[in-house]
Amino acid sequence: MALIERLDNPTQGDNETMAISKELLDILACPKCKGDIHLNPAGDGLICQNCRLLYEIKDDIPIMLIDEARPLDAGA
Ligand SMILES: [Zn+2]
């Protein structure tokens with residue numbers, strides 16, 4: 001599995017929101033069910049609706065590990 005290298009740019013100000021590209025989302029899949037995932041509204045996590053799990057994005061790198069995923073809590 002290839003790791004995505006961390007960008008080493010200085011802060012760019014207006015390039016913060018679109019950290020994860022559409023192309024990257026197309027490549028990524030839920031490690032549990034291999035299904036589609038999508039960016040959450042806050043843009044800091046990837047959601048698998050099948051598993052009801054949220055994979056966090058840290059330093060622009062999605063943490064695609066089942067052990068690291070947080071369950072979506074619909075009943076909150
Ligand atoms: Zn899944």
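## Getting to know this chain

Starting at the N terminus, the elements of this chain go α-β-β-β-β-β. That makes 1 helix and 5 strands. Keep in mind that you're looking at a predicted model. Of the chain's 76 residues, 14% count as buried.

**The nonpolar core**

- The largest nonpolar core is a group of 8 residues: Cys 30, Ile 37, Leu 46, Ile 47, Cys 48, Leu 53, Tyr 55 and Ala 69.
- Two strands, S2 (45-48) and S3 (53-58), each put at least two residues into this core.
- S2 gives the largest share of the core, with 3 residues.

**Ile 37 and its contacts**

- Ile 37 is one of the residues in that core.
- Leaving aside residues up to four places away in sequence, Ile 37 touches Leu 28, Ala 29, Cys 30, Leu 46, Ile 47, Cys 48 and Tyr 55.
- Among the residues Ile 37 touches, Cys 30, Leu 46, Ile 47, Cys 48 and Tyr 55 also belong to the core.

**The helix and Asp 26**

- Helix H1 covers residues 22-27, and Asp 26 sits in it.
- Asp 26 counts as exposed because it has 9 C-beta neighbours inside 10 Å, and the cut-off for exposed is 12 or fewer.
- Asp 26 and Ile 37 are 11 residues apart along the chain, and their C-alpha atoms are separated by 8.6 Å.

**Contacts across the chain**

- Take the contacts in the chain with a separation of 6 or more: 25% of them are between residues 24 or more positions apart.

Terms used:
Residues are numbered from 1 along each chain as its sequence is written. This is a predicted model: local features need pLDDT of at least 70, side-chain atom pairs count only at pLDDT 80 or more; totals for chains, interfaces and linings use all residues. A nonpolar core is a set of buried Ala, Val, Leu, Ile, Met, Phe, Trp, Tyr and Cys residues joined through C-beta atoms within 7 Å. A residue is buried if 20 or more other C-beta atoms lie within 10 Å of its own, exposed if 12 or fewer, and partly exposed in between; C-beta atoms are placed from the backbone. Helices (H or I, at least four residues) and strands (E, at least two) are DSSP runs, numbered from the N terminus. Two residues are in contact if their C-beta atoms, placed from the backbone, lie within 7 Å.
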